[in-house]
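Visitor: I would like to learn how to read this model, feature by feature. Please show me the general idea each time, then the case at hand.

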Amino acid sequence: IILDKFYAAWTHTFYNDLHMSFIGGYPEEMFSGLGGEVLYRPFHSRLAFGAEGWQVWKRDPDTIWGTGLTDYNVFSGHMSVWYDMPINGLTLQGRFGRFLAKDTGGTLSLTKRFRNGTRLEGYLTFTDGKDRALFGNQSRLAQGIRLNMPLGRYKHIPEGVSTKLLVEPFQRNTGRTLENPLPLYHMTEPFSKRHMIEYWDEILPVKPQKTP
C-alpha cells in the first residue's frame, strides 16, 4: 500500500490577474517536499507568464506507505510562458529550467482542450543530460503524449475524478518535472476570457421566449 498524494496547499489571487500557490507534503508518488507557483494571466491577453520552484526529497518505496525519504534531494524550478492560440482550445507552452535529475533544459508543448474538460497534450523536451530514449538509444530529447479525461460528469462518479493515459519513455530520468497537483494555469482556465467566450451559452443560457 502506497500513499499516492497527501499535501496541504494555500492559494491566493492578487488584483485578479496575479495568482500564487504554496504546497507542502507529498505532492506526487515519487517525491516529497515544499514548493510554490506564481502565475500572471491578464484577462484581455492571450499570453500568460509563470514560475514555480520545488525543494524535494525522493521517497523510499520500501517504507510504510512509501512515506519515508531517501538521501536524494534537489531543487527544481521552471519559468513558463503560455499562448492561447486563436483556434479554440489550443494552447502553446514553453518552459525552461532545472529538472528533477539536476539536468537543465526546456520543454515545448501543445495542448488541446475539449468542451467536456478532456485535455490532449503533445510535448518535446530537450535537456543537457543524455538518457534512454524510446528505442533504447541515448538521447537528449524526450517526447510524449498525455491524455487527461475527467469522469465527474458520469453518473455515480464524484466530481474531480479523472483518468490519465501517458505515452512516453518509462525508464527515463532526465527531463522529468514534478507533477504539480494544483497547476494554476488549469485552475484559472474557467476565469479566462477565452473560456468565457467559448462557454458563454452555458454560463448565461438563453431563456426560451413565451409564445403569445
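Visitor: How many bridges join strand 5 to strand 6?
Guide: Strands of a sheet pair through backbone hydrogen bonds, either parallel or antiparallel. Here eight bridges join strand 5 to strand 6 (residues 90–98), and the two run antiparallel. Two strands count as paired if DSSP finds at least two bridges between them. Strands (E, at least two residues) and helices (H or I, at least four) are DSSP runs, numbered from the N terminus. Met79 has Phe96 in strand 6 as its bridge partner. Five residues separate the two strands, which form a hairpin, and Gly89 in the turn has a positive phi of about 85°.

Visitor: What should I know about the model and its numbering?
Guide: This is a predicted model: local features need pLDDT of at least 70, side-chain atom pairs count only at pLDDT 80 or more, and totals for chains, interfaces and linings use all residues. Residues are numbered from 1 along each chain as its sequence is written, and side-chain values use heavy atoms, with hydrogens and water left out.

Visitor: Which strand pairs with strand 5 over 13 bridges?
Guide: Strand 4 (residues 47–60) does, in the antiparallel sense. Arg59 stands opposite Leu69 of strand 5.

Visitor: How many aromatic pairs does a search of the whole structure find?
Guide: A pair of aromatic rings is described by the distance of the centres and the angle of the planes. The rule takes rings of Phe, Tyr and Trp (its six-membered ring) with centres within 6.5 Å; planes under 30 degrees apart are stacked, over 60 edge-to-face, and the rest tilted. The search finds one pair. Trp82 and Tyr185 are stacked, at 4.8 Å centre to centre and 10° between the planes. Trp82 lies in strand 5 and Tyr185 in helix 1 (residues 184–187), so the pair ties together parts 103 residues apart in sequence. Trp82 is buried at 8% relative accessible area, and Tyr185 is buried at 5%.

Visitor: Which charged end sits over the ring of Tyr185?
Guide: For a charge over a ring, NZ of Lys or CZ of Arg must be within 6 Å of the ring centre and within 35 degrees of the ring normal. Arg41 sits over Tyr185, 3.9 Å from the ring centre. Elsewhere, Lys112 lies over the face of Phe114 at 5.6 Å from the ring centre. Lys112 also has Leu120 in strand 8 as its bridge partner.

How values were computed:
Buried means under 20% relative accessible area, exposed over 50%, partly exposed in between (1.4 Å probe, protein chains only).
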